[in-house]
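Here is a short briefing on a two-chain model. Please keep the structure open while reading.

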Amino acid sequence: MALSRLSSRSNTISRPLSAAFNRFISTDTTPITIETSLPFTAHLCDPPSRSVESSTQELLTFFRTMALMRRMEIAADSLYKAKLIRGFCHLYDGQEAVAIGMEAAITKKDAIITAYRDHCIFLGRGGELYEVFAELMGRRDGCSRGKGGSMHFYKKDSSFYGGHGIVGAQVPLGCGIAFAQKYGKEEAVTFAMYGDGAANQGQLFEALNISALWDLPAILVCENNHYGMGTAEWRAAKSPSYYKRGDYVPGLKVDGMDAFAVKQACKFAKEHALKNGPIILEMDTYRYHGHSMSDPGSTYRTRDEISGVRQERDPIERIKKLVLSHDLATEKELKDMEKEIRKEVDDAIAKAKDCPMPEPSELFTNVYVKGFGTESFGPDRKEVKAALP
Amino acid sequence: MSAILQGGVASTALSPFKTTDSNKLVTAPSRSSLSVRSRSDWSKSFGSRLIARRSQPPLIPNAVATKKTDNAESSTSSKSGHELLLFEALQEGLEEEMDRDPHVCVMGEDVGHYGGSYKVTKGLADKFGDLRVLDTPICENAFTGMGIGAAMTGLRPVIEGMNMGFLLLAFNQISNNCGMLHYTSGGQFTIPVVIRGPGGVGRQLGAEHSQRLESYFQSIPGIQMVACSTPYNAKGLMKAAIRSENPVILFEHVLLYNLKESIPDEEYICNLEEAEMVRPGEHITILTYSRMRYHVMQAAKTLVNKGYDPEVIDIRSLKPFDLYTIGNSVKKTHRVLIVEECMRTGGIGASLTAAINENFHDYLDAPVMCLSSQDVPTPYAGTLEEWTVVQPAQIVTAVEQLCQ
C-alpha cells in the first residue's frame, strides 16, 4: 500500500500532533476491522463487542503517536538523570495505549482529568513537545509557565484539567466537571483517571455516590498498573477487581495494553454515561519505569516480569505487528518514522533548553485573579475601590 | 437601577451616595454602624477620603447593633431600608446573586429541601430547583472537590459547610486545589468558589463544633478570607464573594445569625479587602472581627464612661489584612489592642500582631496586645466556655493597661 507524501516538512516541532500529517501517514480511511486481544469483562452491564472499526490512517497515527509518547518519556528519563528535570517525574511508558485509545474515542469537548502521570495525556490532548519539555525543565514557555512542573500540566482549551499531585483528589474534581457539563447541558462526559493505589481512597467512593445519585456523566478510569508505588495491588486492596468496586455502578475491565480495546471501551462508556450516569473502566496496564524517577522499579518486582510484559504485551509492538500484517507500511518505513520521531524529540529538547527561566516577577503573578474592581492592598494603598460591575 | 456605592457613616440612615460620573472610582471609607462624634470631628479624622456631597449622618448613641426603634432623628431613613436578621441578609444576598447569574449554584448538606441548618438557604430550592440548590450526602471532601471542579469549568458554586469544623475534612481540596490551581496552571483556570459556613464558639456546642478555622486556612496562598458581623456586611460580603474571581472563604458565626438590622433596599456590595470603621476614636485602636466586635463594643461603653476614647475597627478581611485602614489608625492612636476569638497560638491575631509590628513599628507607643481565646478545646460547661473566649471585662482591663 503506497504511502502518499502529503505536506512538505518544514518545522515539525511546533506543529501540533493532531495536525501533523506526516509524509508517512496516509489519509486512507477505508475501514479495517480489528479484533481486540481479550474479551471485555463486565459488571452490571453488557460488554461491547470485540470488533473495532479502524482505518489505515488511524493505525498509523496510533503507531506514530505512541512512539512519540514513548520517546518523550525516555528522553525525560535521560533529562532527569542529567539533573535538568528536578523533583518528581512520573513516567508513562508502557501505558500509552490508554491515552491513545481514549483520545480516539472522544472529542475535545469531553474532559479528561488525571493524576500526576500526565505527560502523555497532555500530549494526546493537543499539547506540544516543546511545551512539555519547557515545563519539565521549569522554563518560561512551559504549559504552566514553569510554575507547575511535571505534575501540573493543564490545557483548558482542550478540556484537559490536569495534572494533580495528591492521590485521589482529582476524582471529586472530575465529578464536579461532569456536574458542570450536566448543568450546562453540554453533551459531553468527563474521564476521571486514577490508579490502583488511589482506588482505595474514600473520596472516590464519596464522589461515585454523588455521581450515581445525581446521574452525572462521569467515567472513572482506573489505570491498574498493579503497583501503588512499591506496594503490589494484592497487598493494598482486599478486592483487586477495581471495576466491580462501584457496587451499584456498572464497570468494565479492559486490556489496557491494547489501544483498540481501550478505544472501544471508551466509546461504550461515553454512550453509557450520557444516558445512564457513571461507569467505571478498569484498564489493565503496566508501567516499565518505577513509580517515579527516584524509584528504580525493581525492588518490588523482578526484571523478568518487566521484560516479560514488554515482550508479550507491549502496546507499540502490537500496533506494529498489526500494521505489518495488514501491509500498511514496511519495516523500513516504520523505522524511518521512529528515527524522525527521535529527531523531533531531540529538537524540542534543544529548543526547550534554550528557553529562559521565568522572570522573578512571575513569582507573584496568578496567585489571585485581579479584577471586579476590588484590589488587594498592602500597607501603602492609597485608595479604596469597590464598585458593582 | 444603577449600582450604588454605600459609603455612608450611619447604620440605619442610608444616604444613597451617587456619583455623577459612573466610571469614576469612588473613594469612601467603609460603613460604620456607630458614630458618637459630630460630623465635623469625624471628617477631620478621615480627611480627604470623605466626599463632600454626603448628607448629614445621624447620631446613633447605642454602641451595640440592636433593634433600632427610634429613627425620628434621621429623616432620610424612613423611605429606604428594610429590617431583617443576619441569616435573612445572607439569604437575600445569595438569592439576588442567583437571580443575576445562572452560573451560581449552592451545594451543601441539607441546603435544599430542609432549607439549610441555619435557614440561610431557605426557600431557594423551591425557587431555583434541585440542580441549582444541591443537597449533598455527608462527604465534605468530595463535594468541596466537586465544587472546585465545577468552578474550573466556569460555574460559581457556593459551598456550605454545615459547621466550619466539618471543612477540616475538605482541607486537602481547599488547600491544594482551591488555593493553588490558578497558580499551578499558569493562570488557565480560575476557581470562583465561595466556601461559607458558621464557626466560632456557640452556646455549649462542645469542643468539635466550636472551632475557629480561620487560623488554619490563613496561610493557604490564593484564597481570600472574610468574616461578616452585621446583616449589612453579611449581605455585602456574600455578594462580593460570589462575584469575585478568587476563591473566598466567608466565615459566619453561629451566635450572630439572629442579629437584626435595617439594610438598604438598593443593591450594594462590600469591598472584600476592606476593614470597617465601627467607632472612630483617639486613644487606642481596637482591632476585632466577627462576634468579638460586640464584646468590644460592650466594653467600649464602659470605657467611654471611664473617659477613654477607643477606635474600634472591624477588620472584616482576614486575608489579606486591610493594612491601610489599620495603619492610618495606628498612626493616629499609637496603641493597638487586638481582640479575637481564635486561639492564642497561630491565630489571626498572631499574624496581625506580626504584620503591625513589621509595618508600623515606629508609630507604636506600646507593644501590640492581643486578646485571644485560650489554647484549649472548648469545654461544654457554660462557665468554663465563657472563660475560653475574651469577655468585655478583660478588654476594659487591657485598654486601661495599655493606655497608662
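Where in chain B does UniProt place the feature "domain: Transketolase-like pyrimidine-binding"? The record, an unreviewed entry, puts this feature at residues 84-259 of chain B. The model is predicted. Chain B meets chain A with 71 of its residues, which touch 53 residues of chain A.

**Annotated domains**

- Residues 84-259 of chain B are 36% helix and 18% strand. The end C-alpha atoms of this span are 8 Å apart.
- For chain A, UniProt carries the annotation "domain: Dehydrogenase E1 component", also from an unreviewed entry. The annotation covers residues 65-360 of chain A.
- Residues 65-360 of chain A are 46% helix and 10% strand. Here the end C-alpha atoms lie 36 Å apart.

**The interface of chain B and chain A**

- About 5,200 Å² is buried between chain B and chain A. Carbon and sulfur atoms give 66% of that area.
- On the chain B side, B:M146, B:Y183 and B:Y324 lose the most area to chain A. Together these three residues account for 14% of what that side buries.
- Several elements of chain B give two or more residues to the side that touches chain A. Among them are strand 2 (104-108), strand 3 (133-135), helix 4 (140-153), helix 8 (231-243) and helix 11 (348-360).
- Helix 4 of chain B gives the largest share of that side, with 10 residues.
- By class, the side of chain B that touches chain A has 35 nonpolar, 25 polar and 11 charged residues.

**Chain A: overall build**

- Chain A contains 11 helices and 10 strands.
- Of its 389 residues, 60% count as buried.
- Take the contacts in chain A between residues at least 6 apart in sequence. Of these, 72% join residues at least 24 apart.
- Helix 10 (residues 315-325) of chain A has buried residues A:P315, A:I316, A:R318, A:I319, A:K320, A:L322 and A:V323.
- A:D327 follows helix 10 of chain A. The phi of A:D327 is positive, near 60 degrees.

**Salt bridges in chain A**

- Side chains of opposite charge can pair when their charged atoms come close.
- A:D110 and A:K270 form a salt bridge, with the closest N and O atoms 2.7 Å apart. The pair links distant parts of the chain, 160 residues apart. A:D110 sits in the loop between helix 2 (96-105) and strand 4 (111-113) of chain A, and A:K270 sits in helix 8 (residues 259-276) of chain A. Both A:D110 and A:K270 are buried.
- A:K343 and A:D347 also form a salt bridge, with the closest N and O atoms 2.8 Å apart. About one helical turn separates A:K343 and A:D347, because they are 4 residues apart in helix 11 (residues 331-354) of chain A.
- A:K343 is exposed, at 51% relative accessible area. A:D347 counts as partly exposed, at 27%.

- B:R100 and B:E97 meet in a salt bridge at 3.7 Å, N to O. The two are 3 residues apart in helix 2 (residues 86-100) of chain B, so about one helical turn separates them.
- Are B:R100 and B:E97 buried or partly exposed? B:R100 counts as partly exposed, at 42% relative accessibility. B:E97 is buried, with a relative accessible area of 1%.
- Salt bridges that share partners join B:R100 and B:E97 into one network with B:E92, B:E96, B:K235, B:K239, B:R243 and B:E267.

**A buried aspartate in chain B**

- B:D322 lies in the loop between strand 12 (317-319) and helix 10 of chain B.
- B:D322 counts as buried because its relative accessibility is 1%.
- A polar atom of the B:D322 side chain lies 2.7 Å from the backbone nitrogen of B:A275.
- The B:D322 side chain also makes a polar contact with the side chain of B:T325, at 2.6 Å.

Conventions. Residues are numbered from 1 along each chain as its sequence is written. Chains are lettered from A and ligands numbered from 1 in the order in which they are written. This is a predicted model: local features need pLDDT of at least 70, side-chain atom pairs count only at pLDDT 80 or more; totals for chains, interfaces and linings use all residues. Side-chain values use heavy atoms; hydrogens and water are left out. Contact means heavy atoms within 4.5 Å. Buried area is the accessible area (1.4 Å probe) that two parts lose on being put together, summed over both. Ala, Val, Leu, Ile, Met, Phe, Trp, Tyr, Cys and Pro count as nonpolar, Asp, Glu, Lys and Arg as charged, and the others, Gly among them, as polar. UniProt positions are given in the numbering used here, feature names are shortened, and annotations may be inferred rather than shown by experiment. Buried means under 20% relative accessible area, exposed over 50%, partly exposed in between (1.4 Å probe, protein chains only). A polar contact is a pair of N or O atoms within 3.5 Å; within protein, one must be able to donate a hydrogen and the other to accept it, and residues adjacent in sequence count only if both atoms are side-chain atoms. A salt bridge is a side-chain nitrogen of Lys or Arg within 4 Å of a carboxyl oxygen of Asp or Glu.
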